[in-house]
Each structure stands twice: as C-alpha cells, then as structure tokens.
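Thanks for coming, everyone. I'll take you through one structure today. Please have a look at it first.

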Amino acid sequence: MGDEFLIAALVYVIACLGLVLFLQKQLSKLRSKVEALTVLVKEGDRQRESFKRELQELRSGTIGVGRRVIELEKRLLQQSERIEETTQQDPQAKLYTRAMKMVALGAGVDELIKECELPKAEAELLIRLHRK
C-alpha cells in the first residue's frame, strides 16, 4: 500500500506539473495577444491624433477661406456701388446705357436718335457693335 501511495502521489505531481506547463503556455499566448493589442491601441491613438490635427488644420483653412470670401464679397459690392454711382453721375453714360438696352431690345437707328438724342453716326455704330 505504501508503493501504491507513492505511485499515486507521483502521478498526481506529474499531472500537476503538466497542468502548470499548460497554464504557463496559455499565459504566454495571452501576454503575446495583450502586447499585440497594446501596439494596435497605440497605433490607433497616433492615427487619431494625426486625424485630429488634420481636421483642425482643415477647420482653420476653411475659416480663413470663409473670411476671404466675405472680404471679396464686400469689395465686389463696393465696386458695384462705385460703378453705379459713376453711371448715375455721368448723364452721357446714362444715355449710352439706355441706348444699349434699346438696341438689345431691337430698337432701330431712328428710334435711338429720337429717344436718346444721339447723332445718326453714333446710333449706327451702337447697332453695329451690338450685332457683332
């Protein structure tokens, strides 16, 4: 009975050692997986930060472009107002503007002479220029 007990104890010890070796192997595999996941998480964090910086740069650029567009719109409005003022201040320009509109609507030489008080040569010239 003493030998049987020793054999049983030896089998138990061997089984325990096998179990320990198996668990160590599994632990090693888990550690490898954890390390791989840690690397992936760090890479993901780096990419996220990179995307965050790029997005901030795009936002800043968009804001700058928006400001530039607003500035250009203001300048365009100012130029349009100046052109309108200049056109309104020059009575001769008013006549020519009206004459061009009339020509666009199909007015003839006699009508331009009568309505806009243009010389015949100028009325003919406006009609020729408009047709080209």
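Let me start with a term. A salt bridge here is a side-chain nitrogen of Lys or Arg within 4 Å of a carboxyl oxygen of Asp or Glu. By this rule, the count comes to five salt bridges.

First, a word on confidence. This is a predicted model. The mean pLDDT of the protein chain is 88. Of its residues, 93% reach 70 or more.

Now to the start of the chain. UniProt, in an unreviewed entry, lists residues 6-23 as "transmembrane region". What does the model show over residues 6-23? That stretch is 100% helix and 0% strand. Its end C-alpha atoms are 25 Å apart.

Back to the salt bridges. Let's stay in helix H1. Arginine 48 pairs with aspartate 45. Their closest N and O atoms are 3.6 Å apart. The two are three residues apart in helix H1, so about one helical turn separates them. In general, an α-helix has 3.6 residues a turn, so residues three or four places apart point the same way. How accessible are these two partners? Arginine 48 is partly exposed, with a relative accessible area of 45%. Aspartate 45 is also partly exposed, at 36%. Salt bridges link Asp45, Arg48 and Glu49.

Further along helix H1 comes another pair. Glutamate 71 and arginine 68 meet in a salt bridge, at 3.1 Å from N to O. They too sit three residues apart in helix H1, so they are separated by about one helical turn. Glutamate 71 is partly exposed, at 40% relative accessible area. Arginine 68 is partly exposed at 42%.

The next pair joins two helices. Arginine 98 and glutamate 115 form a salt bridge, 3.2 Å from N to O. Which parts of the chain does this pair link? Arginine 98 is in helix H2 and glutamate 115 is in helix H3, distant parts of the chain, 17 residues apart. Arginine 98 is partly exposed, with a relative accessible area of 39%. Glutamate 115 counts as partly exposed, at 36%.

Next, a backbone detail. Most residues other than glycine have a negative phi. Glutamate 117 is not a glycine, yet its phi is positive, about 55°. Where is glutamate 117 found? It lies in the loop between helix H3, 109-116, and helix H4, 120-131. Glutamate 117 is exposed, with a relative accessible area of 68%.

That brings us to H4. This helix has twelve residues. From first C-alpha to last, H4 reaches 17 Å, close to the 16 Å expected at 1.5 Å a residue. Which residues of H4 are buried? They are Ala123, Leu126 and Ile127. These three cover an arc of only 95° around the axis, so they are on the same side of H4. Ala121, Arg128 and Leu129 are on the other side, and they are exposed.

That's my tour. Over to you.

Definitions and conventions
Residues are numbered from 1 along each chain as its sequence is written. This is a predicted model: local features need pLDDT of at least 70, side-chain atom pairs count only at pLDDT 80 or more; totals for chains, interfaces and linings use all residues. Side-chain values use heavy atoms; hydrogens and water are left out. pLDDT is the predictor's confidence in each residue, from 0 to 100. UniProt positions are given in the numbering used here, feature names are shortened, and annotations may be inferred rather than shown by experiment. Helices (H or I, at least four residues) and strands (E, at least two) are DSSP runs, numbered from the N terminus. Buried means under 20% relative accessible area, exposed over 50%, partly exposed in between (1.4 Å probe, protein chains only). The expected span of a helix is 1.5 Å times one less than its number of residues. The arc is that of the directions from the helix axis to the C-beta atoms.
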